[in-house]
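Biologist: Before we look at the model together, could you show me how to read its pockets, its cores and its enclosed spaces?

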Amino acid sequence: MTLIKSISGIRGTIGGKADEGLNPISIAQFTAAYAHFIKQLTHTERPRIVVGRDARPSGPMVKNIVLGTLMGMGCDVIDIDLATTPTTEMAVTGLNADGGIIITASHNPVQWNALKLLGPAGEFLNDAEGKEILRIAEAGEAEFAPVEKMGSIIDSQDYTPEHIRSVLALPAVDAAAIRSASFRVAIDCVNSVGGLAIPALLEALGVETVFSLYCKPDGQFPHNPEPLPQNLTEILKVVKENKADVGFVVDPDVDRLAIIDEKGEFFGEEYTLVAVADYLLELNGGGNTVSNLSSTRALRDVTTKRSGRYEAAAVGEVNVVAKMKEIGALIGGEGNGGVIYPELHYGRDALVGIALFLTLMAHRKSAVSRLRAEYPAYYMSKQRVDTPAGTNTEALLKTMHDRYKDEQVTTVDGVKIDFSDSWVHMRRSNTEPIIRIYTEAATEEQAQALADRFRIEIEKEL
């Protein structure tokens with residue numbers, strides 16, 4: 001059994017002994033530490049905390065322990081139950097709460113679950129805040145409330161309709177144009193909360209013809225839930241057989257969006273953000289954009305083409321958001337299909353990604369495959385090197401840095417080396433004993449060869 005405590009929350013496999021996995025004891029310990037932290041952060045004796053969850057089978061068990069622990073800590077709880085991650089984020093500010101807990105293991109398999117922690121702005125906690133919660137949990141500093149000061153569940157509601165209303169209210173979302181286009185849309189919601197949110201969103205946008213795949217929110221994932229090409233063979237068939245104009249695939253908590261073109265081919269997860277950004281940059285006459293260091297150069301290209309400024313942040317949503325705020329970005333996100341549109345909220349959101357992409361299709365009156373052909377063509381390779389116990393990964397990455405110091409090197413997050421026509425990004429994982437190697441080049445073969453080259457170089461240093 002596995003339990004991983006990190007600055008972004010706690011996640012693990014369900015079951016095991018008291019000191020293993022994600023179980024009632026570890027859930028309560030971490031939830032109490034979070035409640036203690038929120039009280040200190042907000043100077044509030046009785047904070048209001050939003051709790052939402054994805055549809056995986058362990059969700060009700062985890063949620064009941066979270067609710068009880070929060071109440072025991074003297075917090076009042078708003079239970080929105082089945083909800084996407086972006087819905088829960090929006091509910092924190094929309095319901096004037098002091099924080100939020102999202103019960104989801106995102107794209108991890110069904111045996112996993114996790115607690116993701118939000119601050120008063122409905123955004124993930126930063127590095128220092130996450131470390132403080134870990135310290136509180138380890139030190140056992142949380143104090144439970146006496147009976148007269150216990151919290152309660154002050155509201156139970158479905159916040160998804162409000163999320164959808166907010167998406168449709170965005171000036172950049174043109175529901176009338178989408179309705180007039182009479183799109184045929186296929187969706188795969190991996191039997192999680194996307195099955196509640198995405199059909200409702202498409203109906204609100206006026207999409208009358210929807211081919212739904214795996215929209216029962218029972219958490220029984222029919223395939224690996226990470227929305228990568230190798231996991232999505234069935235949606236390709238649905239698109240082709242039904243002559244759909246586009247296919248949308250989301251992960252279990254609906255913060256990532258993968259797109260399928262009308263030919264039943266992958267648009268490319270890196271290009272979800274590129275396409276949405278291109279539409280917004282055109283609409284606004286330019287603007288600034290942000291993605292992480294492991295994301296495609298295509299976002300930089302479409303941004304500078306419209307005289308905007310592009311910046312790269314360290315990997316991690318909280319780092320991307322911080323950089324977006326720093327430069328006043330119009331749009332940002334991550335190359336895994338995560339779109340962050342500040343006009344709605346500072347969080348990856350597949351709902352707003354779908355609405356903006358359909359608007360782009362409607363305005364340009366263009367097939368998805370033709371849209372993809374308009375953007376710079378890059379190809380990526382993603383590899384990993386397993387590191388033996390005791391490996392000094394910092395020293396290893398410094399060796400790679402020194403070896404290529406005459407190139408354009410960035411050390412914000414690991415080591416990224418920008419060559420004239422390609423790049424490689426090497427960084428150690430925060431959760432596994434591995435070094436990730438991401439590369440991008442003009443062809444698939446070049447990207448693969450570059451990744452192979454650096455993998456071999458790293459392996460020789462071990």
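Modeller: A pocket is, on a 1 Å grid over the protein atoms alone, an open set of points with protein on both sides within 12 Å along at least five of seven lines, and its lining residues have an atom within 4 Å of a point; the volume is the space filled by probe spheres set on the points, which are joined across faces, edges and corners. This is a predicted model, in which local features need pLDDT of at least 70 and side-chain atom pairs count only at pLDDT 80 or more, while totals for chains, interfaces and linings use all residues. Residues are numbered from 1 along each chain as its sequence is written, and side-chain values use heavy atoms, with hydrogens and water left out.

Biologist: Which residues lie nearest the centre of the second largest pocket?

Modeller: Of its 16 lining residues, those are Tyr310, Ala312, Gln408, Lys416 and Asp418. Strand 13 (310–313), strand 17 (408–410) and strand 18 (415–418) each give two or more residues to the lining, strands being DSSP runs of E of at least two residues and helices runs of H or I of at least four, numbered from the N terminus.

Biologist: Which residues touch the most other members of the largest nonpolar core?

Modeller: A nonpolar core is a set of buried Ala, Val, Leu, Ile, Met, Phe, Trp, Tyr and Cys residues joined through side-chain atoms within 4.5 Å, where buried means under 20% relative accessible area with a 1.4 Å probe, protein chains only. Here the core has 74 residues, of which Phe248, Phe357 and Leu358 touch the most other members. Helix 12 (residues 350–364) gives the most to this core, with 11 residues.

Biologist: Why do the buried residues of helix 8 lie on the same side?

Modeller: In helix 8 (residues 233–241) the buried residues include Ile235, Leu236, Val238 and Val239. They are on the same side of helix 8 because they cover an arc of only 160° around the axis, taken from the directions from the helix axis to the C-beta atoms. Among the elements that they pack against are strand 8 (184–188) and strand 10 (246–250), contact meaning heavy atoms within 4.5 Å.

Biologist: What lines the largest cavity?

Modeller: A cavity is a set of points where a 1.4 Å probe fits but cannot get out. The largest cavity holds about 50 Å³ of space, and its lining includes Pro227, Leu232, Phe266 and Glu269.

Technical notes
Buried < 20%, exposed > 50% of the residue type's maximum accessible area, 1.4 Å probe, protein only.
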